[in-house]
Amino acid sequence: MSFLVRGYLEEKELPPRPSKERLKKKSVAYIECPQEIPCSPCFESCKYDAILMENINDVPIVDYEKCTGCMKCIRVCPGLAIFMLRFRNGKGYVTMPHEFLPYPKKGQKVILLNRRGEEIGEGTVTWILPPERNDKTALVTVEMDPELIFEARAFRIKGE
Amino acid sequence: MRLTEHPIVKFKRGKEITIYFNGEPVKAYEGETVASALYAAGITTFSRSFRFHRPRGFFCAIGKCSSCMMEVDGIPNIRICKVYVRDGMKIKTQNSFPNADSDFLSILDSIVDRFYPHGSHYRKFNKPKVLRDFVTKQVRRFAGTGNPPKKAFEEKGSFEEIETDIAVVGGGPGGMSAAIYAARTGARVVLMDENPFLGGQLVKQTHRFFGSGKHRAGTRGIRIAEILSNEVGELKNIDVRFETKVFGLYNGVVGAVEKDKKLLKIKAKKIVIATGAYERTLLFENNDLPGVYGAGGVQTLMNVFGIKPGDKGLIVGSGNVGLILTYQLMQAGIDVAAIVEAMPRIGGYFVHAAKVRRLGVPIYTSHTIKRAIGDKKVEGAEIVKLDENWCEVKGSEKRIDCDFICVAIGLSPTHELLYQAGCEMKFVPELGGLVPMRTEYGETTVEGIYVAGDVAGIEEATSAMMEGRIAGLDAAIKLGYGGEEAIRLRDEVVRDLKEFREGPFGERILSGIKKVTFEKEAISVSAPEREEAISEGIE
């Protein structure tokens, strides 16, 4: 459980990656929730049985083939631990929950941060679920270098 | 220092009014407590300690400690974190001369104590008698808390006697759930809370809750407070008493004071105690400086009243409270210098840690705070590394720049009422301290007194709500309400709670609960029997 010493996940502790082909089809939920805690809203929210859990303390496992990318789970996850990943036209897209002011606008440039809070590059906001439509948790899709979709987990608006 | 915008909370401020702090006008808004209004005006020192005249600010902000006592309209020793502002209110610092900010008597701490250390008054100045009398008189003048009021209390008090089925003490998640579930079966309920609102500590929980959807996971604590208090409001058989302080339980009678004026005598067949918990502090040099706050205290100030606790904080403790507070501080636009954790690993949920770690907040495991730096207020902190034997590693001291420190090292149950009522108590470290023995439905060794929530053992709001439901239902069932359906529902919640605690995070709680759970028939003593036994001289 060395992630509990660091506070972030390292490569080998991450869940298996969805295949490139799958990522190209449509977006897919990627859940970074490695610890057994009594929490199950993602499992309950999934209409497609794509999230596997036997009891409330289990770690959620996503069946990438069943996941339709509907984003129900990312909206309810209290741990903000779910990210939607996607490849399209040679670009990578990550949808992240965001609860900070100011909320970004479409087209805005952002600085991408990895799990350790280090700057790893830049991205562009391409879509936002407005915070008022999801009890103040905005969902923000950021377009980025496809290499970065397994790294970028937060962002800072450029110039803020 | 007042926040105007916040990503989650919309602060509603009342009319602008003026209060007087040591004679100086201070702007405040209706609905704020005196402590938060003063803090917003940049006043951090509220009084001085009674012996060494060290500066005192607030600590818990929910009326459980005595750090913020001041003189309000001539009455000393008022916890100003629980007093709401009124136009023209006169607030004075106490135990100080001329005022708490620059107290001349602080030489007692800085100089006098060096020559006449604590305890020396037993040996020094004893002879001759004249000198002894003179010194005793002076010492007594300097010591003590506050000055007695100049005139006698004049307002008229009143009295009310209420008969009810179930009395619930505490309007937090546990108490509200107990009241709702009991009232739904048809039982008459009186719900008392010391605040002018229901919700307990949920009102500052801006994050989404964990657990299962059935128990409102994925919903923010502040919304759960709204949902529950609306449900309470809709149930006509719940009599809610706000600003009501319960001071004692006497064989099925609850003694309380409503709005500081009316004495309540509530005869209840069953009583549910859901008084919650208070914050613990930690021993380190200067831990009493204004600027060293309880984590919950900062949440109250920031999320309930919309006031910035400072510009940069240090969080001590990486349990869920510390991690969530860090995230909430950042949401309010306040920097967090670091989180320190004495354990070799993070104590709270990993996902909470990940949320702040990816925003660049360092978490120092195997580290602790050595001292707070500052004269009248926190100006920094020194942290130090701990080895595997919990000893400081020499030379690993590091200065952290911060202007406030949040102590988030855990809570202890507010158990006093249970103790007073004669419930059998047990010290269980896994549950946070002294907790009552109880059945699986939350009934204590005194028949008819139930517990729910943190007072039964420190856990969190989701389990508090479940415990409340169980206690409320069981109390109603015992009174003949609800029938089969209530029994089925109660047993279902018991099962849910069991499942909830089954994971690794519940292990500690479960081992604690095992130590305090008893089978009803085995050792229960009903109140009348107990009284009889006492009157016969058998204790």
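These legends go with close-up views of a predicted model.

View 1. Look for A:Pro102 in the loop between β5 (91–98) and β6 (109–113) of chain A.

View 2. You'll find B:Pro98 in the loop between β7 (90–92) and α2 (107–115) of chain B.

View 3. Most residues other than glycine have a negative phi. B:Lys259 isn't a glycine, yet its phi is positive, at about 45 degrees. B:Lys259 sits in the loop between β12 (253–258) and β13 (262–273) of chain B, and it is partly exposed, with 43% relative accessibility. B:Trp390, also not a glycine, has a positive phi of about 65 degrees. Its spot is the loop between β20 (380–385) and β21 (398–400) of chain B.

**View 4. Cysteines without a disulfide.** How many disulfides does a search of the whole structure find? Zero, over all chains. Take A:Cys46: the closest cysteine sulfur, in A:Cys70, is 6.2 Å from its own, which is too far for a bond. A:Cys46 is buried, at 16% relative accessible area. Over in chain B, the cysteine sulfur nearest to B:Cys60 is that of B:Cys65, 3.7 Å away, and B:Cys60 is in no disulfide. The cut-off for a disulfide is sulfur atoms within 2.5 Å. B:Cys60 is buried as well, with a relative accessible area of 3%.

How values were computed: Residues numbered from 1 in each chain as written. Chains lettered and ligands numbered in written order. Predicted model: local features only at pLDDT ≥ 70, side-chain atom pairs only at ≥ 80, totals over all residues. Heavy atoms only, no water. Helix = DSSP H or I, 4+ residues; strand = E, 2+ residues; numbered from the N terminus. Buried < 20%, exposed > 50% of the residue type's maximum accessible area, 1.4 Å probe, protein only.
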